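Subject: Structure handover

Hello,

The structure is below, with its sequence. My notes on what was found in it follow.

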Amino acid sequence: MDVGHYAAEPGVISASGRPEFEYNLALAREVRTEIEKLGLKVRLIGERGDYAVLHHRTRDAQGADLFLSIHHDSVKERFLPEADRFSGFSLFISSFNPKAEKSLACARAIGVKLRAAGFTPSRYHADPVLGESRSFADEANGVHYYDNLAVGRTASMPSVLVEAGVIVNREEEARMRDPQVRRSIALAVAAGARACLAKEE
Ligand SMILES: [Zn+2]
């Protein structure tokens with residue numbers, strides 16, 4: 001499991017001025033706890049904020065059954081003044097990943113569990129104006145193709161990037177800071193990962 005971004009480039013700056021890396025680290029640790037409770041082994045990559053080169057993350061994941069990258073989302077710069085309109089989770093996979101089918105199965109399983117826990121897909125990344133026209137791989141479950149995504153393309157194992165929520169939205173940022181909400185996201189991500197890994201595909 002990859003903790004998105006690193007100390008020198010900590011990702012998005014949230015509505016309250018906190019770096020995304022802080023959110024990614026807190027959530028990744030919680031997901032690790034939940035995955036371990038399910039009896040699976042998990043290793044964090046980038047926990048110390050020292051992974052500047054993206055393909056080193058997938059390189060150092062050799063041997064894993066799944067590469068899971070944990071992030072928190074933003075919006076296009078010109079929509080930042082109205083960022084409170086944007087919310088929800090998004091899941092990204094690359095069709096260039098050698099295990100693209102399994103990547104989709106895992107992303108879908110995570111989306112299903114997140115929705116069952118009451119979370120909603122953001123969907124704006126598919127929009128040509130509001131987002132980047134990232135086509136849906138599974139619209140209902142918030143899964144998009146993002147073919148040049150480095151951690152999707154360079155992973156030798158199935159790979160899913162999770163955008164847990166939109167932290168440039170003030171209300172959503174407050175939710176993402178709530179330990180109960182974080183735990184519930186972590187439970188859903190862990191359960192989704194286990195569900196897809198348990199299936200022989
Ligand atoms: Zn990010």
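Helix packing and the zinc site

Helices α5 and α6 are roughly perpendicular to each other, a label for angles of 65 to 115 degrees (under 35 is roughly parallel, over 145 roughly antiparallel, and the rest oblique). This is a predicted model, in which local features need pLDDT of at least 70 and side-chain atom pairs count only at pLDDT 80 or more, while totals for chains, interfaces and linings use all residues. Residues are numbered from 1 along each chain as its sequence is written, and side-chain values use heavy atoms, with hydrogens and water left out.

The angle between α5 (residues 170-177) and α6 is about 75°, and their axes are 5 Å apart. Axes are lines fitted to C-alpha atoms, for helices over the stretch in contact, with angles from 0 to 180 degrees between N-to-C directions. Helices (H or I, at least four residues) and strands (E, at least two) are DSSP runs, numbered from the N terminus. R175, M176 and R177 of α5 touch P179, V181, R182 and I185 of α6, where contact means heavy atoms within 4.5 Å.

α1 also packs on α6, at about 50° with the axes 8 Å apart, so the two are oblique to each other. On the α1 side the contact residues are A26, L27, E30, V31, E34, I35 and K37; on the α6 side they are R182, R183, I185, A186, L187, V189 and A190.

α3 (residues 100-116) and α6 (residues 179-198) have axes that come within 8 Å and cross at roughly 140°; they are therefore oblique as well. This crossing is right-handed. Residues of α3 in the contact include K102, A105 and C106, and those of α6 include I185, A188 and V189.

The zinc ion has as protein donors H5 (NE2), E20 (OE), E20 (OE) and H71 (ND1), at 2.1 to 2.8 Å. Donors are N, O and S atoms within 2.8 Å of the metal (3.2 Å for Na, K and Ca); water is not among the atoms, so sites may look incomplete. The spacing of the donor residues in sequence is H-x14-E-x50-H. H5, in the loop between β1 (2-3) and α1 (20-37), and H71, in strand β2 (residues 67-73), are 66 residues apart and link distant parts of the chain.

Regards

How values were computed: A crossing is left-handed if the near helix is turned anticlockwise from the far one by less than a right angle, and right-handed if clockwise.
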